Amino acid sequence: MKKFILFFVLSFICLGFYNFYSSDFFTSITKVEYVSSSKTLKVSSKVNLEHIEQTIGKKVNSNDFDITLNKYLQNNVKISIDDTPVNFTFSSKNPDGNVVWIYYEVSGINSVSSITIKNSLLLDKFPDQQNFINFIVNGQKKSLVCKKGSESGKLTF
């Protein structure tokens, strides 16, 4: 009987460690930087490669990944500068191990007093997803987190 109890306890402990170490983290990190010399808002997002592939239904090395990713970005990232919606252009992506860096930008921005951003990347597939956004505008650094139920935020500089 003692062997059965010991086996049960050890199995439970091992299962707990397995669940702890195999858990996915549902986060992305986005950097938004205003470059006044080029009048450009440069955006880079670091997302889990497997999660973005699952969400858009394409592998990163497929021919139409970039097209599908761009459509997904256009639907899930919205940016307004000084309360005026702006369009961004997808530049490129760079897979790096189990993440992919996604680059996009907004051109023709003369100045920035405020930025409103909606970032609902991966929230439709992973409700625990949290999208951390770091801003560098006019020498000021600010941050916000977008998550389910709170997909957007506004910062003033």
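**Close-up views of a predicted model**

View 1. Q129 counts as buried because its relative accessibility is 1%, and buried means under 20%. The model shown here and in the other views is predicted. Q129 sits in a loop. The side chain of Q129 makes a polar contact with the side chain of N131, at 2.9 Å. One holds F26, T27 and S28. Another holds L121, L122 and L123. C146, K147 and K148 complete the list.

**View 2. The four-stranded sheet.** This open sheet runs in the order β4-β3-β7-β10, and its pairing is antiparallel. Strands β4 (84-86) and β10 (152-156) form the edges, each pairing on one side only. From one strand to the next, the twist averages 25 degrees. Strands of a sheet pair through backbone hydrogen bonds, either parallel or antiparallel.

**View 3. The β7 and β10 pair, with helix α3.** Strands β7 and β10 are antiparallel and joined by five bridges. Across from I115 stands L155 of β10. Helix α3 (residues 65-76) packs on the sheet. The helix touches β3 (77-81) and β7. Its direction makes about 55 degrees with that of β3.

**View 4. The largest nonpolar core.** This core has 38 residues. Which residues have the most contacts inside it? They are I52, L73, I79, I115 and F135. In soluble globular proteins, nonpolar side chains tend to be buried together.

**View 5. The surroundings of I79.** I79 is one of the core residues with the most contacts inside the core. I115 is itself among the residues with the most contacts inside the core.

**View 6. The whole chain, for orientation.** The protein chain has three helices and ten strands. Along the sequence they follow the pattern α-β-β-α-α-β-β-β-β-β-β-β-β. The chain has 157 residues, and 36% of them count as buried. Of the contacts with a separation of 6 or more, 58% are between residues 24 or more positions apart. The accessible surface comes to about 9,500 Å². Carbon and sulfur atoms account for 55% of that surface.

How values were computed:
Residues numbered from 1 in each chain as written. Predicted model: local features only at pLDDT ≥ 70, side-chain atom pairs only at ≥ 80, totals over all residues. Heavy atoms only, no water. Helix = DSSP H or I, 4+ residues; strand = E, 2+ residues; numbered from the N terminus. Buried < 20%, exposed > 50% of the residue type's maximum accessible area, 1.4 Å probe, protein only. Polar contact = N/O pair within 3.5 Å; in protein donor to acceptor, adjacent residues only side chain to side chain. Contact = heavy atoms within 4.5 Å. Core = buried A, V, L, I, M, F, W, Y, C linked by side-chain atoms within 4.5 Å. Pairing = 2+ DSSP bridges. Axes fitted to C-alpha atoms, helices over the stretch in contact; angles between N-to-C directions. Areas by Shrake-Rupley, 256 points an atom, 1.4 Å probe, with all protein chains shown as cover. Lists of a residue's contacts leave out its neighbours within four places in sequence.
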